Amino acid sequence: MDTVTAPLQVTLIIGSNRHGRFGPVIADWLLGRLRHRDDLAVEVVDVAEADLPTTFAPAPEASAASAEITAKLARADAFVVLTPEYNHSFPAGLKNLIDWHYAEWRAKPVALVSYGGLAGGLRAVEHLRQVFAELHAVTVRDTVSFHNAGASFDDEGRLTDPSGPDAAAKVMLDQLVWWGTALREAKERRPYGGA
């Protein structure tokens, strides 16, 4: 299969490592949307399973902790980042994972899915847009956000009204596929030369 028709390799990043986090519920729903598509192949990186130090010292332990994550990020043509909003921004564990990598993000698209209280995590999304722009990544315009996320899902982890989130996810993933395909093809013709 050539790269024009091959599914995009997408890495879903679950961005919370907080005890009692709600992220896995939304991640399960999101994985259903991702795996339903023939144009995407999905891998998962969970910040809660990443034992990355915060010192950025190039020690063997740090290399060992990041090896599997780095491989998944490097293989990806595109990313979906799922983030909660903590104190008007995104979690420190997610920032640490992002900061341990550089070339893996370059010239790739990032879709953002957020959850939180009244703001639905949208302030975290806006901060992430700035971070990914600095890393030469392209964030897609449309997002999926869950306001008062716990009330949107039943006790079995199913959306009580999936119509809005499902429609928003389709738009966002369509944009991700367009950008991912366009950037993959462009990099095949000419390697990205940004600083």
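Two residues are in contact, or touch, when heavy atoms of theirs lie within 4.5 Å. The structure is a predicted model, in which local features need pLDDT of at least 70 and side-chain atom pairs count only at pLDDT 80 or more, while totals for chains, interfaces and linings use all residues. Residues are numbered from 1 along each chain as its sequence is written, and side-chain values use heavy atoms, with hydrogens and water left out.

**Exercise 1. Find where Trp-179 sits, and list the residues that it touches, not counting those up to four places away in sequence.**

Step 1. Trp-179 belongs to helix 6 (163-189), where helices (H or I, at least four residues) and strands (E, at least two) are DSSP runs numbered from the N terminus.

Step 2. When residues up to four places away in sequence are not counted, Trp-179 touches Pro-109, Val-138 and Val-140.

Step 3. Trp-179 has a relative accessible area of 34% and is therefore partly exposed, given that buried means under 20%, exposed over 50% and partly exposed in between (1.4 Å probe, protein chains only).

**Exercise 2. Decide whether Val-171, Asn-87 and His-136 are exposed or partly exposed.**

Step 1. Val-171 lies in helix 6, and because its relative accessible area is 39%, Val-171 is partly exposed. The C-alpha atoms of Val-171 and Val-144 are 9.3 Å apart in space, although 27 residues separate them in sequence.

Step 2. Asn-87 is placed in the loop between strand 3 and helix 3, and with a relative accessibility of 76% it counts as exposed. The phi of Asn-87 is near 50°, which is a positive value in a residue other than glycine.

Step 3. His-136 is found in the loop between helix 4 and strand 5, and its relative accessible area of 21% makes it partly exposed. His-136 is not a glycine, and yet its phi is positive, at about 65°.

**Exercise 3. Describe the largest nonpolar core, and say which element gives the largest share of it.**

Step 1. A nonpolar core is a set of buried Ala, Val, Leu, Ile, Met, Phe, Trp, Tyr and Cys residues joined through side-chain atoms within 4.5 Å.

Step 2. The largest such core has 28 residues, and those with the most contacts inside it are Leu-12, Ile-26, Trp-29, Val-80, Val-113 and Phe-146.

Step 3. Two or more residues of this core come from each of strand 1, helix 1 (23-35), strand 3, strand 4 (109-116), strand 6 (144-147) and helix 6. Helix 1 gives the largest share, six residues.

Step 4. Apart from this core lies another, of 25 residues, which include Ile-13, Val-47, Trp-100 and Phe-132.

Step 5. Returning to Trp-29, and leaving out residues up to four places away in sequence, one finds that it touches Val-144, Phe-146, Phe-153, Leu-159, Pro-165, Asp-166 and Ala-169.

**Exercise 4. Work out how helix 1 and helix 6 are placed relative to each other, and which residues meet.**

Step 1. Two packed helices are described by the angle between their axes and the distance between the axes.

Step 2. Helix 1 and helix 6 pack at an angle of about 50°, and their axes are 11 Å apart. Here axes are lines fitted to C-alpha atoms, for helices over the stretch in contact, and angles run from 0 to 180 degrees between N-to-C directions.

Step 3. Helix 1 and helix 6 are therefore oblique to each other, since angles under 35 degrees count as roughly parallel, over 145 as roughly antiparallel, 65 to 115 as roughly perpendicular and the rest as oblique.

Step 4. From helix 1, Trp-29, Arg-33 and Leu-34 meet Pro-165, Asp-166, Ala-169 and Leu-173 of helix 6.

**Exercise 5. Compare this with helix 3 (92-99) and helix 4 (122-134), and state which residues of helix 3 are buried.**

Step 1. The axes of helix 3 and helix 4 cross at roughly 10° and come within 12 Å, and for that reason helix 3 is roughly parallel to helix 4.

Step 2. Leu-94, Lys-95 and Ile-98 of helix 3 make the contact with Leu-128, Val-131 and Phe-132 of helix 4.

Step 3. The buried residues of helix 3 are Gly-93, Leu-94, Asn-96, Leu-97 and Ile-98. Among the elements that cover them are strand 1 (8-14), strand 2 (40-46), helix 2 (60-75), strand 3 (78-84) and helix 4.
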